[in-house]
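Subject: The structure, and some notes on it

Hi,

Here is the structure I promised to pass on to you.

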Amino acid sequence: FDYWEIYHYFTCRKLLFASARPVWSEQLFRDTRDFYHEFVENDDTPFIGLFRSTYQANENVYDMSQNAVPYLSGGAKGRGLKAARDIKEGDVIFKSTNNTIIFNDGNTMRNFLFAMNDRFSDPGMVCDILIWAWVQDMEGEIPFAGVVDLDNGNLLNDYLLGAFYREEQEEIQEDSANIRCLGGAVTCYASKDIAKGEELMGDYADFVSHYSWTSLGL
């Protein structure tokens with residue numbers, strides 16, 4: 001199964017777009033993180049050089065709720081993030097933490113998704129993970145990795161996403177992103193002053209290697 005075969009196998013188009021997917025509760029994220037740790041304990045995939053086939057990005061803890069809160073847009077974009085307070089240009093909004101999991105091996109990620117489906121009763125959870133995950137150029141021994149945040153950081157929408165749902169696509173400006181993300185261990189900053197309640201929008205090109213799932217074996 002490659003990425004899109006998994007997407008179709010779990011009927012993700014129907015599950016994601018027939019009705020609005022809910023914002024995950026903190027308990028559901030916690031249960032998923034606990035399940036991930038169980039999965040890792042039982043994963044016997046050989047190391048890839050010095051790296052396990054899957055691991056947490058780091059041991060850092062960061063409470064993003066002081067900066068960003070999830071919301072349902074009520075439109076085709078589905079879920080997103082809004083500023084929880086007035087944010088100044090340059091403020092850190094969120095970053096990779098111990099909730100960020102990395103897959104260096106496509107087969108391990110595939111196994112995790114199917115194991116999730118066996119554990120949890122909601123098949124839409126697998127689809128959520130699929131659309132939240134991205135491929136990133138790690139610029140090291142492991143050239144590409146699949147990455148996903150098991151927290152609300154995954155709800156950051158790309159600033160161009162709205163253009164797919166509006167007729168005035170030509171009005172999308174290059175500076176429409178108010179969040180920019182830097183570094184291999186992604187840290188996201190406000191690129192301008194952001195008012196409380198304003199939608200947070202990033203530029204996926206800052207960290208996503210588009211069309212690279214096949215490079216990961218998916």
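Let me begin with a pair of helices: helix 3 passes helix 4 in a right-handed crossing. (A crossing is right-handed if the near helix is turned clockwise from the far one by less than a right angle, and left-handed if anticlockwise.) On the helix 3 side the contact is made by T32, F35, Y36, E38 and F39, and on the helix 4 side by T108, N111, F112, A115, M116 and R119; contact means heavy atoms within 4.5 Å. The two helices pack at an angle of about 125°, and their axes are 11 Å apart. Axes here are lines fitted to C-alpha atoms, for helices over the stretch in contact, with angles running from 0 to 180 degrees between N-to-C directions. Helix 3 and helix 4 are therefore oblique to each other. For reference, angles under 35 degrees count as roughly parallel, over 145 as roughly antiparallel, 65 to 115 as roughly perpendicular and the rest as oblique.

Before going further, some background. This is a predicted model, in which local features need pLDDT of at least 70 and side-chain atom pairs count only at pLDDT 80 or more, while totals for chains, interfaces and linings use all residues. Residues are numbered from 1 along each chain as its sequence is written, and side-chain values use heavy atoms, with hydrogens and water left out.

The chain has five helices and eleven strands; these are DSSP runs numbered from the N terminus, with helices being H or I of at least four residues and strands E of at least two. Of its 218 residues, 45% count as buried (under 20% relative accessible area, with exposed over 50% and partly exposed in between, using a 1.4 Å probe and protein chains only). Among contacts in the chain with a separation of 6 or more, 70% come from residues 24 or more positions apart.

Back to helix 4. At the start of helix 4, a side-chain oxygen of D105 comes to within 3.2 Å of the backbone nitrogen of N107.

Which residues of helix 4 are buried? They are G106, T108, M109, R110, F112, L113 and M116. The elements they pack against include helix 1 (3-9), strand 1 (54-56), strand 5 (100-103) and strand 7 (144-149). T108 has a relative accessible area of 0%, and beyond its neighbours within four places in sequence it is in contact with F39, D43, T45, S53, T54 and F103.

Helix 4 has another partner too. The axes of helix 4 and helix 5 come within 8 Å and cross at roughly 150°, which makes the two helices roughly antiparallel. The contact is made by L113, M116 and N117 of helix 4 with M125, V126, I129 and L130 of helix 5. Helix 4 passes helix 5 in a right-handed crossing.

Two other spots may interest you. Most residues other than glycine have a negative phi. T11, in the loop between helix 1 and helix 2 (12-17), has a positive phi of about 50° although it is not a glycine. T11 is partly exposed, at 41% relative accessibility. F17 lies in helix 2 and is exposed, with a relative accessible area of 51%.

Best wishes

Conventions: Polar contact = N/O pair within 3.5 Å; in protein donor to acceptor, adjacent residues only side chain to side chain.
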